[in-house]
Amino acid sequence: MPENTSELRPTHPLAIAPVVAPAASVDGFAKQFLQNLNFDQGVTLSTSDVNDQYLALAYTVRDYLMARWFDDRAQQKTQQAKTVCYLSAEYLLGRQLDNNLLAARLTDIATEALAQCGIDIDDLRQVEIEPGLGNGGLGRLAACFIDSLATMSVPTIGYGIRYEYGIFRQAFADGQQIEQPDAWLRMGSPWDFAHPEAAQTISFAGTTETYDDDGVERTRWVPEWNVLAVPYNMMVPGYHNGRVNTLRLWRAVATNAFDLHTFNSGDYVQSVRAQTFAENISKVLYPEDSTPQGKELRLQQQYFFVAASIADFIENVLPGDFDLEQLPERVIFQLNDTHPVIGVPELMRVLVDEKKLEWDAAWAITQKCFAYTCHTLLPEALEVWSVDLLGRLLPRHLEIIYRINDEFLLEVRERFGDDEMLIRNMSIIGEHPYRSVRMAYLATVAGSKVNGVAELHSQLLRDNVLKDFAAMWPDKFTNVTNGVTPRRFLRLANPDLSALITEALGAGWTVDLERLRGLEALADDADFRERFAAVKVSNKRRLSRVLEARGEDALDDGHMLDVMIKRLHEYKRQTLKVLHIVSTYEGIVSGRLDIADVQARTFLFGAKAAPGYGMAKRIIHLINAVGEVVSADERVQGKLKVLYPANYNVTLAESIIPAADLSEQISLAGKEASGTGNMKLALNGALTIGTDDGANVEIRKLVGDDNFFLFGMSEPEVEALWAEGYRPADFYQGDERLRSAIDLIAAGAFSGGDRTVFEPLVSNLLYEDRFMALADFSSYLDAQDRVDAAYADQDGWVRAAILNVARSGYFSSDRAMRDYLERIWHATPVS
Ligand code: 26W
């Protein structure tokens with residue numbers, strides 16, 4: 001990029017003056033909006049359509065945040081403060097407009113200014129397509145974390161991938177999931193800024209060679225091909241503190257996009273092959289959220305964004321003459337699961353091969369610069385890459401990993417002697433079923449800290465998954481229980497409850513959620529309970545309108561809203577929820593249950609299944625099939641209703657969560673690392689029915705046993721039953737309710753009498769049931785009876801709901817960030 005070499009110096013007063021935000025007034029906003037509509041969007045108000053108006057509105061909100069963004073980015077370059085670089089392959093951001101309006105205190109001004117232009121801001125809200133750059137928990141957590149870090153004025157750069165296609169759009173055909181591409185960029189993306197001038201060249205494949213460098217033997221990588229990584233910056237505004245951090249997402253572009261010679265030879269397809277090949281890297285998000293497919297493109301994606309991010313930070317954030325020995329003082333790279341861990345050998349390559357540091361010095365720096373968060377307990381979710389693939393795509397990195405492993409195993413031998421079994425178990429290189437690199441082990445060896453995302457999860461990491469490493473480095477292991485941002489999931493999603501809380505406690509809770517404790521006393525205040533209950537009813541009405549606008553059924557007044565919203569996975573046990581619905585239905589139609597005693601319920605599901613996950617897709621089919629029959633059967637007199645709106649995402653969650661009465665957190669104990677939906681629902685006054693799994697344990701401890709419906713085996717009980725040999729059929733035989741429910745499904749009651757449709761699902765339950773839904777069934781149904789009884793006492797229920805809100809302040813992502821800052825990052829907010 002040519003330097004600006006002219007001798008000219010800015011003299012015009014405006015060129016010298018600092019950039020100032022437009023006037024934060026209705027007039028100022030209207031002026032800026034119309035200016036953007038006319039000059040940026042190129043239309044007049046009268047000829048503009050809602051998309052033009054939405055884009056112009058977005059540009060206008062950006063303009064108000066821009067000045068602070070410039071300052072914060074300039075300060076980032078000059079400051080001495082440590083920067084948190086959050087490396088995540090996923091960011092489930094949700095819609096940006098309202099969050100940015102709220103952060104910049106512009107919501108009322110914008111609403112009025114647009115109204116004076118004859119525009120209802122709510123019409124523009126609906127236009128925004130949420131950037132679905134994530135699968136589920138991990139991606140949404142990253143979004144909550146960067147929101148908190150901005151609100152807490154912590155210098156942060158979120159690094160990730162700007163997928164052209166995000167998580168697929170889910171639709172149902174005959175109750176079965178079908179996937180459609182998520183072309184989220186088609187109507188424009190007003191919230192990000194391309195910076196091709198800061199593009200990084202990312203290399204792949206090729207070979208390595210050693211050479212003599214003034215008597216020092218060095219290695220260089222001779223790559224075969226490369227692509228350009230072009231950064232797109234998104235604003236991450238803090239709440240009411242004026243800070244604006246940056247989310248820097250990388251897009252892949254071909255270095256030589258077009259081969260004119262090949263084109264002129266008439267082979268048009270060949271001439272652009274490089275382009276399509278390169279752009280494939282950031283084309284689409286992998287829709288798996290637990291079972292890595294080990295695809296080469298996925299590894300390309302991981303290396304692509306991590307290599308670009310490390311180069312960007314060293315070249316564009318650090319001052320030119322920065323002494324890399326001091327790197328750990330200036331940055332912490334947080335690994336959001338193992339997906340970015342290839343960054344470890346990449347930093348080593350940069351420090352040793354390019355910056356010519358000694359290996360040991362480079363390793364010391366690298367270990368201090370990385371920390372690793374594990375988000376799963378499922379062995380199949382732990383990524384491994386074959387040495388064949390890694391060696392072919394990143395030959396130099398494999399060499400570096402081998403050396404890291406050799407030195408690590410030497411340390412193991414020194415500490416624990418020549419215990420070959422231990423060496424084989426701890427080696428970063430696994431031998432079976434094929435030689436592979438165990439990315440979680442690499443992250444653990446390289447990371448300064450390793451944390452789980454809930455107390456139980458972190459304990460299981462220490463005791464099981466990474467026990468040998470915890471024995472070797474007990475101090476390296478810690479826990480930081482997840483959190484969620486109260487700005488999006490309470491202040492924005494539930495404005496009525498927010499107003500009620502602010503009236504009672506003042507507005508400080510939005511950035512200090514522990515203040516919700518002040519509501520405890522009001523749980524005994526009948527008037528407050530009444531107003532709290534009224535808010536829940538109005539939230540249900542709002543959800544009903546959202547569902548009807550989507551052509552779905554509305555909610556029935558008087559129904560308890562029983563919500564299960566999360567990715568579809570067998571360990572989360574949506575099947576157990578279906579067995580409860582079928583058992584209640586069977587009880588009513590068989591007369592086993594007196595319908596008068598049955599609490600009217602609407603069961604609302606939201607869940608996407610990874611496209612390649614067959615059993616998960618069958619469970620989706622079963623939910624829709626059961627829903628169809630149960631909701632339409634006269635005999636249940638409308639007392640049971642099943643709703644399953646398609647394409648569950650952040651925007652839909654923001655409508656469902658404030659309306660929920662009951663939060664289903666029913667995973668098999670020891671399988672859900674934490675959960676975050678559980679926190680959002682409790683914060684919005686839903687009561688939880690759940691197992692002692694993940695963060696449920698901490699929610700139950702804080703809200704109190706009386707305000708939580710616990711059921712099922714504990715993790716040790718699960719281990720014990722598994723060890724003694726689990727026979728699901730025994731539980732089928734042992735429980736008449738369970739048998740009747742399963743027999744109904746097996747008989748084809750929900751598939752037009754066709755027994756074959758759900759046979760695979762039924763036989764899996766009876767003969768395998770890896771996640772023990774049958775073992776926990778009776779305890780679950782007993783707990784559901786307790787729920788019915790509790791809900792019948794509305795005053796008691798509302799009291800418990802208020803206590804859930806009051807005692808959930810701990811689950812703020814601000815608190816989680818404070819834990820990371822103190823215990824892992826050793827970084828501080830800047831004034
Ligand atoms: C395909 C590879 C893969 C494997 C695991 C992709 C994505 C993952 C993620 C780690 C899965 C995930 O989202 N885990 C969830 O992370 C949340 C945030 O910490 C937790 O609250 C959930 O319990 C956990 O399932």
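The residues lining the largest cavity divide into eight nonpolar, four polar and three charged. That cavity belongs to a predicted model, in which five cavities of 30 Å³ or more are counted.

**The largest cavity**

- The volume of the largest cavity is about 160 Å³.
- Its lining is made up of 15 residues. Leu93, Gln96, Asn99, Ala143 and Asp147 are the ones that lie nearest the centre of the cavity.

- At least two lining residues come from each of helix 18, helix 19 (455-465) and helix 29 (715-724). Helix 29 has the largest share, with four residues.
- Sorted by class, the lining of this pocket holds 15 nonpolar, two polar and six charged residues.

- Strands of a sheet pair through backbone hydrogen bonds, and the pairing is either parallel or antiparallel.
- Here, three strands form an open sheet in the order 15-17-16, and their pairing is antiparallel.
- Strand 15 (384-386) and strand 16 (429-430) are at the edges. Each has a single partner strand, so one side of each has no neighbour in the sheet.
- Strand 16 and strand 17 (residues 436-438) run antiparallel and are joined by two bridges. Isoleucine 429 has valine 437, in strand 17, as its bridge partner.
- Helix 18 (residues 439-446) packs on the sheet and touches strand 15 and strand 17. The direction of helix 18 makes about 50° with that of strand 17.
- Helix 18 also supplies at least two residues to the lining of the second largest pocket.

**Threonine 478**

- Threonine 478 is part of strand 19, which covers residues 477-479.
- Is threonine 478 buried or exposed? Its relative accessible area is 12%, and the cut-off for buried is under 20%, so threonine 478 counts as buried.
- Leaving out residues up to four places away in sequence, threonine 478 touches Lys449, Val450, Asn451, Gly452, Ser458, Arg462, Arg823 and Ile824.

Note on methods: Residues are numbered from 1 along each chain as its sequence is written. This is a predicted model: local features need pLDDT of at least 70, side-chain atom pairs count only at pLDDT 80 or more; totals for chains, interfaces and linings use all residues. Side-chain values use heavy atoms; hydrogens and water are left out. Two strands pair if DSSP finds at least two bridges between them. Contact means heavy atoms within 4.5 Å. Axes are lines fitted to C-alpha atoms, for helices over the stretch in contact, and angles run from 0 to 180 degrees between N-to-C directions. On a 1 Å grid over the protein atoms alone, a cavity is a set of points where a 1.4 Å probe fits but cannot get out, and a pocket is an open set with protein on both sides within 12 Å along at least five of seven lines; lining residues have an atom within 4 Å of a point. Grid points are joined across faces, edges and corners, and a volume is the space filled by probe spheres set on the points. Ala, Val, Leu, Ile, Met, Phe, Trp, Tyr, Cys and Pro count as nonpolar, Asp, Glu, Lys and Arg as charged, and the others, Gly among them, as polar. Buried means under 20% relative accessible area, exposed over 50%, partly exposed in between (1.4 Å probe, protein chains only).
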